[in-house]
Amino acid sequence: MTGRLALGPSGQRRSVVHLITKRLVIVAALAMVAQLILVTLHYGLDGSRLGVRVAAREAERLAEHIAPGPDGRPALTLPDEHADRYRNHPTAYGFQVIDGGGRVIGAMNAGLFTVPLPEPVSAPDLFWRVIPGGHTRVLAQRFDRIEPNLLICVVIAADPDHIAWGVLAHEVVDHVVVPMAPLALLLLAVNVFAVRRGLKPLAHAAERARQLNARRGGLRLDAGESLPREVHALVSAINAALGRADEILRFQREFTANVAHELRTPLAILSLHLDELGGPGAAAAKRDVQSMSRLVNQLLRVAQLEGLAAEPSAPVDLAEAARDTVRRLAPLALDQGRELEFENHYEPGGSVIIPGHADAIASALRNLVDNALRATPPGTVVTVAAGPGPVIEVRDQGPGIDPALRQDLFERFAQGDTRTRGSAGLGLAIVAKTMELHSGTVTISDGPGGGTRFRLSFLGKSNDSA
C-alpha cells in the first residue's frame with residue numbers, strides 16, 4: 001500500500017486558472033442577475049418611474065416621425081405600423097403634437113386627455129400627471145430641437161401592447177448589460193492575468209522539481225523570499241520531503257555497505273578453512289563461498305554507485321579504461337582456459353574523453369567481462385573493443401541470450417541463462433546503473449560470429465578522426 005493520493009487521470013485535471021476563471025464567470029453572472037432583480041424591483045415597486053419611462057419612450061418614437069412640411073412648419077407623418085397601436089386600442093393609447101404656437105399638428109385619441117395640458121411657451125421640460133381614480137398617465141415633453149416650445153403629449157390608460165416590457169428590457173440593457181458586461185470582462189481578463197502571473201513561481205518550482213534526481217542527495221528547490229506565501233509553504237514542504245528522502249537513501253546505502261563489509265571477512269576466512277580441508281565437498285563449498293563473495297562485492301558496489309551521483313566527475317579515457325580492464329583480467333581468463341583480447345578502433349593517438357567516474361566504468365566492464373568469461377566455452381576468445389566514438393563493446397562466443405530475456409536483464413537480481421552465467425543477478429544491474437550515472441546506454445545484441453555483444457554508449461567528445 002502506498003501513500004499516494006488518488007488524483008485521477010491527468011487528462012481530467014483542470015488548471016488553477018481554469019478553476020478561478022470558471023468561478024469568476026459564475027460570480028459575474030450572479031452579480032448581473034442580482035442587478036437585474038434590483039432594476040426590476042426598482043421599477044416594479046414604483047410604477048410611476050416605469051410609467052414615465054414608457055411614456056417618454058413613446059414620445060421619443062413620435063418625435064422621430066416629425067419633419068418639416070411643405071410650408072416649412074413641423075408635420076407629423078406616422079407610419080401605419082405605429083398608427084395601428086392607436087387605432088386598435090383607442091381607449092388605451094393617445095397622443096397630441098402641439099407646436100410652439102399652440103396649434104395641434106397631429107393627434108389620435110385625444111379624448112383620453114382629461115387633464116389640462118400646459119401651454120407650450122410656459123411648459124416645463126417634462127410634465128407628468130397620474131389621473132386620480134385610475135391608472136391613466138399623462139406626459140408632456142418639450143422637443144426644442146425640432147422647434148422651440150414644441151410639445152409631444154402622450155396618454156396611456158392601459159397597456160394591451162405591453163410596451164412597458166420593451167421599455168423595461170431596454171432599461172435592463174442600459175443599466176445592467178451595457179455597464180456590467182464590459183466591466184465583468186475586464187475584471188475577468190485582469191484576474192486571469194493576475195492569476196497566471198501569480199502562479200509563475202509555482203510553475204518554475206514544478207519545473208525545477210521535475211529536473212531533480214531523487215537519487216542525488218542534498219538537492220532542494222529554491223525557497224527565496226520572492227515566492228508568495230502559499231507557494232513558499234509548498235516549496236518548503238517539498239524540501240522537507242526531499243530531506244527525509246535523503247535520510248532514507250543515506251540509511252539504505254550505509255546499511256548495504258555495512259552488511260557487505262561485515263560479510264567479506266567471514267567469507268574470506270571460510271574460504272581459507274575450506275582450502276585446508278580439501279576434498280570434493282570442500283571444493284563445492286568453496287565455489288558457493290566464492291559466489292557469495294561475488295554477491296557481497298556486488299552489493300557493496302551498488303551502495304557505492306548510489307552515492308557516486310553526488311560526487312564531481314573527472315575526465316575518463318575510454319580506450320585506457322578498456323585496456324586496463326583487459327590487462328587486469330587477462331590472468332583470470334588464462335586460468336579459466338579462455339583468452340581475453342583488446343581491440344582499439346581509434347586512430348593512432350586518438351581517444352574519447354568523457355566526464356565520468358573511472359572506477360565505476362571499470363567496475364561495469366569487469367562485470368561484463370566476468371559474465372562473458374563464464375559464458376564463453378573454454379578455448380574461445382572474449383573481446384573488449386573501444387571505439388569508434390564514445391563506445392566500448394564486450395563480445396563473447398557463448399550460447400547467446402534469449403531475446404525474450406533481454407528486456408528485464410538489467411533489473412536487480414534478474415538473470416539470463418543461469419546454467420551458464422551462474423550470477424546473482426546484480427552484475428548487469430550495476431552496469432545499467434553505471435550507464436545511467438553517465439547519461440549513457442547499454443544494449444544487448446547477437447555477436448557477428450555468434451555469442452552476445454554488450455555495447456556501452458557514452459556521451460563524450462572524441463579527439464579521434466574515425
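**View 1. Tyr 86 lies in helix H3, which spans residues 80-88.** The model is predicted: local features need pLDDT of at least 70 and side-chain atom pairs count only at pLDDT 80 or more, whereas totals for chains, interfaces and linings use all residues. Residues are numbered from 1 along each chain as its sequence is written, and side-chain values use heavy atoms, with hydrogens and water left out. Helices (H or I, at least four residues) and strands (E, at least two) are DSSP runs, numbered from the N terminus. With a relative accessible area of 1%, Tyr 86 is buried, a class that means under 20% relative accessible area, while exposed means over 50% and partly exposed lies in between (1.4 Å probe, protein chains only). Residues up to four places away in sequence aside, Tyr 86 touches Glu 58, Leu 62, Tyr 93, Gly 94, Phe 95, Met 108 and Asn 109, where contact means heavy atoms within 4.5 Å. Tyr 86 and Ala 107 are 21 residues apart in sequence, and their C-alpha atoms are 9.9 Å apart in space.

**View 2. Strand E3 (residues 93-98) is largely enclosed by the rest of the structure, because six of its six residues are buried.** Tyr 93, Phe 95 and Val 97 are buried on one side of E3, and Gly 94, Gln 96 and Ile 98 are buried on the other, which leaves both faces covered. Two strands are taken to pair if DSSP finds at least two bridges between them. E3 runs antiparallel to strand E7 (residues 151-156), to which six bridges join it, and it also pairs in the antiparallel sense with strand E4 (residues 104-108) over four bridges. Gln 96 has bridge partners in both strands, namely Cys 153 in E7 and Ala 107 in E4. The hairpin of E3 and E4 has five residues between the strands, and Gly 102 in its turn takes a positive phi of about 90°.

**View 3. A surface patch on the protein is nonpolar and consists of Leu 183, Leu 186, Leu 187 and Val 190.** Together these residues have about 370 Å² of accessible area, computed by the Shrake-Rupley method with a 1.4 Å probe, and for residues only the protein chains shown count as cover. Patches are made of residues with over 30% relative accessible area and no salt bridge, with nonpolar side chains (Val, Leu, Ile, Met, Phe, Trp, Tyr) joined within 5 Å and like charges within 9 Å; a salt bridge is a side-chain nitrogen of Lys or Arg within 4 Å of a carboxyl oxygen of Asp or Glu. Leu 187 has its place in helix H4 (residues 163-211) and counts as partly exposed, at 45% relative accessibility.

**View 4. An open sheet of five strands has the order E9-E11-E12-E14-E13 and mixed pairing.** Strand E9 (339-344) and strand E13 (441-446) stand at the edges with a single partner strand each, so one side of each is left without a neighbour in the sheet. Direction ignored, neighbouring strands of this sheet are turned by 15° against each other on average; axes are lines fitted to C-alpha atoms, for helices over the stretch in contact, and angles run from 0 to 180 degrees between N-to-C directions. Helix H7 (residues 318-335) lies across E9, strand E11 (381-386) and strand E12 (391-395), and runs at about 165° to E9. Helix H8 (residues 358-375), in turn, lies across E9, E11, E12 and E14, running at about 20° to E12.

**View 5. Strand E12 is mostly covered, with five of its five residues buried.** Four bridges join E12 to E11 in an antiparallel arrangement, in which Val 384 stands opposite Val 394. The hairpin of E11 and E12 has four residues between the strands, where Gly 387 takes a positive phi near 85°. E12 also pairs with E14 in the antiparallel sense, over five bridges, and the bridge partner of Glu 393 in E14 is Arg 455.

**View 6. Strands E13 and E14 (residues 452-457 for E14) pair in the antiparallel sense over six bridges.** Ile 444 has Phe 454 in E14 as its bridge partner.
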